[in-house]
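Visitor: I have a model open on my screen and would like to learn how to read it. Could you walk me through a few features?

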Amino acid sequence: MSAYRSVRDFDWLMLVLASAICALGVLQIFSATHDTHYSDAWWKQVIWILAGFVAMWITTLVDYHTLLGQVPILYGLSVTTLIATYVLGMSAFGSRRWIGTTSYHLQVSEFVKLVIVLLVARYLTELKTDQFELIDLLKLGGLVGVPMLLVMLQPDLGTALTFLPIMVGGIFLAGMRWQYAAAIVVVVALVMPVAYFVVLKDYQRARVVSFLDPSQDPKGSGYQVIQSKIAVGAGALWGRGVTKGTQTQGRFLPVPHKDFIFSAFAEEHGFVGVIVVLGLYFLLLMQIVQNAQTAPDRSGMYICMGIAALLLFHVLVNVGMVVGRMPVTGIPLPLMSSGGSNALAVFMLLGLVNNVRLRRFVN
Amino acid sequence: MKLHADREEHRLSVSGLLRDDTTFASGKIAFFQYVTVGVFLFLITGFWELQVRNPEVYQERAMQNSIKAIPVLAPRGKILDRDGRVIVDNHSSFSLFLSRENLKMEHLKPIAEGLNIDYDSLVARVRRFQTRGAPQYQPIAIKEELTPAELAFVESHKDADTFPELEVIHVQHRLYPRDGLAAHVIGYVGEVSEVELNTPEFARFRQGDVIGKDGIEREYNDLLMGVDGQRRVEVDSFGNERRVLAEDKEAVPGKSLQLTLDLDLQAVAELTMENRRGAVVALDPRTGEVLAMVSRPAFDPNLFAGRIRTKDWKDLIDNPDHPLMNRAIQAQQAPGSTFKPIVALAGLETGAIDENFHVNCGGGASFYGRFFKCWSRHGGVELHRGLVQSCDTFFYNVGNRMNIDDIAHYAEMVGYGHKTGIDLPHEADGVVPSTKWKIRNFREKWYPGETISVSIGQGATTVTPLQMAAAIGGMAIGGVWNQPHLVREGARLIPARHGELNQENIKKVISGMYGVVNEGGTGVRARLPGINVAGKTGTAQLASNEVLKGTKIGQTMKDNAWFVGFAPVENPEIAVATLFEGGQHGQLAAPIVRDVMKAYFDKKARLAQPHEQIASLPAPLPGSLLRPTAAVAPARAGASKP
């Protein structure tokens, strides 16, 4: 069987697309940090990307069916680690998402995404009926809900929310009765106001408010959105040039090499650059979807589609935030934002897609 | 195609396992693709809106964010003494400005609180800039001489997130000598006021300009004041400069100004007047150069170097001794007996008397039905003794032999009754009464009895200390009056006035003045060993003394003491006049003039023997007003040593 897992079958197009996005990301990280304390961020990112390639290769090698078989263990490990992180984890930026030594931190929640993808895929594959029943929704919701809640407690609402599209996408594919969907919408509509006032913390509420009306709070969360829109708009059609964007270089943009990297990119590369990068993301997503379509079995399909839904969500929320069309949630732009955990996790997700692709002819 | 065949085969082989068929989801996967297209279109329209539809709006706002116009304040020129020693210097400090491009009114409150500025006056100030239509790029100075704590507050709040309008600018502030040395001559600077901006003299300035408000600072403002420059810089969100975009205008520093004042002499003159009210003026009658000019009480011009605090200003204004008044040019007081040499000169010139004109003084005389007292009983008195003993009876008679307009003619000739034209603002005219003056001011004719009072320097006659030094000095050099001035080069001088006087008559008057000091006259305390000093004392009742005699107004009503002198008699180089308000008797003013002259001639002697060590300066004369330390006059002026 190993004959089929040849180098030729590897999804080279997907790798080229991802690498191209990474390269532009590194360029932008360099531009945004070259005269700051983070000026070494770009080569650190290069190292993380190279490590990502290796992680991708490793994830490709182990048959995804084997991984699916280990879901209970992986799930248990994830929940335990999240709890451990919550209890002992280091505090960074007022939240506890990191674990590790002082020089290298790993953000556990990033890797939990992989487990959620596998979990959803396995659960849905093992369904006995073609219809997705309410009891399944509750069970799956509970399974996904536990780690989600733990991440939310860190507190990292943004990352916690990224677990949702994996589940929602999967349930949609598995086929849920529209009545259930309607019921969920109604329940969510009722719960949302309660959640807004009870669950959300002040700064999160502020983010929602400033999303709805940035000018109401120009000094707080709204400030970030306003500055980001100014940066994007100032970029105009052709951009202001690498290291030439005053919004980026003058630090008017918050974290221009991390969450707001696309804003910085839009300022320095303009609308044309934006179209190029969004085009690359679109092709990457379509390539993943294509791999889902050619997956040998349901579990492979679910894995690919879960990953596609996850990445689409990331792009939508992060890029939408940059142009003020989404609230500020603080989730990174995959493959572009500076940060090791996210880079590793995304490459491992792409490795999973490849894993499925390489096994499309075998059972 | 072999692969494809394999796949078909594979699918057939597992057709039994329907549960693993993925085709059921193909429609939903296609739906997901449409959703993806939708998401990307949604995002792209967001960028289209910002980057293609109206990027100008955002480019403009990015510029507002990052570009600041920063004024480069030109330092004012230094003020030096005649030897080039620095009197007024600048020192570096930090001033806080509000940049008006990103000024938000609602920020004023926290800024005022953080920096301990009065909120209401801050708001008023900002409004004033807005209503006066000052250019938008011109920032508003709100606090000078920032302390480290205030600087720290600004540094931690000037980021784009908090108060981006805060702008710290490095400025040169005026540093004036301590203890009010030469304060009235130098004046002070301050921000141009609202009222001033509406007057033609100041119309050319802009709101916020720091200009000379008084003294030399005002008179030579255009020379001393540089031209402010401006540059545009790119800043980051913390308000730190990233780079200079353009030097829009270079700052042109003000020029230095060399005064005629001699710091050594000035310091001595200041000391002689310590704890006294009055003025001292020393000048070189040959050129009109003012060597020292003191007015006491003085003020500290450093209070004005930033923006003067309301309390300090109120204290100065409310002080009954009027410390802001430059008595040397503004105190208009009856000259008393110092006027007698002029009356004597007028008498000789008009032929009303000659040097042998003789009067018997029995303690006064009656004129026009009224008895005029003399301060003593002098017996037989002619001109010389009349001056030496300052006999009032003698001069009543001299005045009585003349017309008031004759006296006025000579008084005006020596420079009384009109400004000397010195290069200082607000100089007073003084009063030389005459028939014309009486009609113009009182619509009354002149009564001959009034002439009697005028002839001893009372009545309506008033002069300033500067006028007196200039008048007597000019007479001493033979009747040539040079315009007194304070700068070595560039003063607008009118040519010297030459009086048409008989030199013999002048000599007779000078001889009398020599006697005042050297022949046991009233001015004996002005004697200097080795130098021939001539002078005249004066004890003047306050102009309104007669009226107020019954009422009690305390010390301010005490007689003023005057002394005016010059030396050396043979070839006068220096004339000194002093007004010692409430000094009671001119004899007490004489030592002031003596000390100043002594300092002048001591310095001259020192300079003549440059190789000799000046280890021990001559001990102060007995009864000197100067404390021993004063002998080291230059050290006293140490605040502004070069």
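Visitor: How many residues of helix 17 of chain B are buried?

Guide: A residue is buried if 20 or more other C-beta atoms lie within 10 Å of its own, exposed if 12 or fewer, and partly exposed in between, with C-beta atoms placed from the backbone. Helices (H or I, at least four residues) and strands (E, at least two) are DSSP runs, numbered from the N terminus. In helix 17 (residues 392-400) of chain B, eight of the nine residues are buried; among them are Phe394(B), Phe395(B) and Tyr396(B). Bear in mind that this is a predicted model, where local features need pLDDT of at least 70, side-chain atom pairs count only at pLDDT 80 or more, and totals for chains, interfaces and linings use all residues. Residues are numbered from 1 along each chain as its sequence is written, while chains are lettered from A and ligands numbered from 1 in the order in which they are written.

Visitor: What is the phi of Ser390(B), and is this residue buried or exposed?

Guide: Most residues other than glycine have a negative phi, and most peptide bonds are trans. Ser390(B) has a positive phi, near 55°, and sits in the loop between helix 16 (383-388) and helix 17 of chain B. Ser390(B) counts as buried because it has 29 C-beta neighbours inside 10 Å. Over in chain A, Thr243(A) also isn't a glycine, and its phi is positive at about 60°. Thr243(A) is in the loop between helix 10 (221-235) and helix 11 (246-249) of chain A, and counts as partly exposed because it has 13 such neighbours.

Visitor: Where are the cis peptide bonds in chain B?

Guide: One joins Arg296(B) and Pro297(B), with omega about -5°. Pro297(B) is in the loop between strand 12 (289-296) and helix 12 (302-305). Another joins Ala567(B) and Pro568(B), with omega about -15°; look for Pro568(B) in the loop between strand 20 (560-567) and strand 21 (574-580).

Visitor: How many residues of chain B are in contact with chain A?

Guide: Two residues are in contact if their C-beta atoms, placed from the backbone, lie within 7 Å. By that rule, 40 residues of chain B touch 43 residues of chain A. Helix 2 of chain B gives the largest share of chain B's side, 16 residues. That side has 20 nonpolar, 11 polar and nine charged residues. Here Ala, Val, Leu, Ile, Met, Phe, Trp, Tyr, Cys and Pro count as nonpolar, Asp, Glu, Lys and Arg as charged, and the others, Gly among them, as polar.
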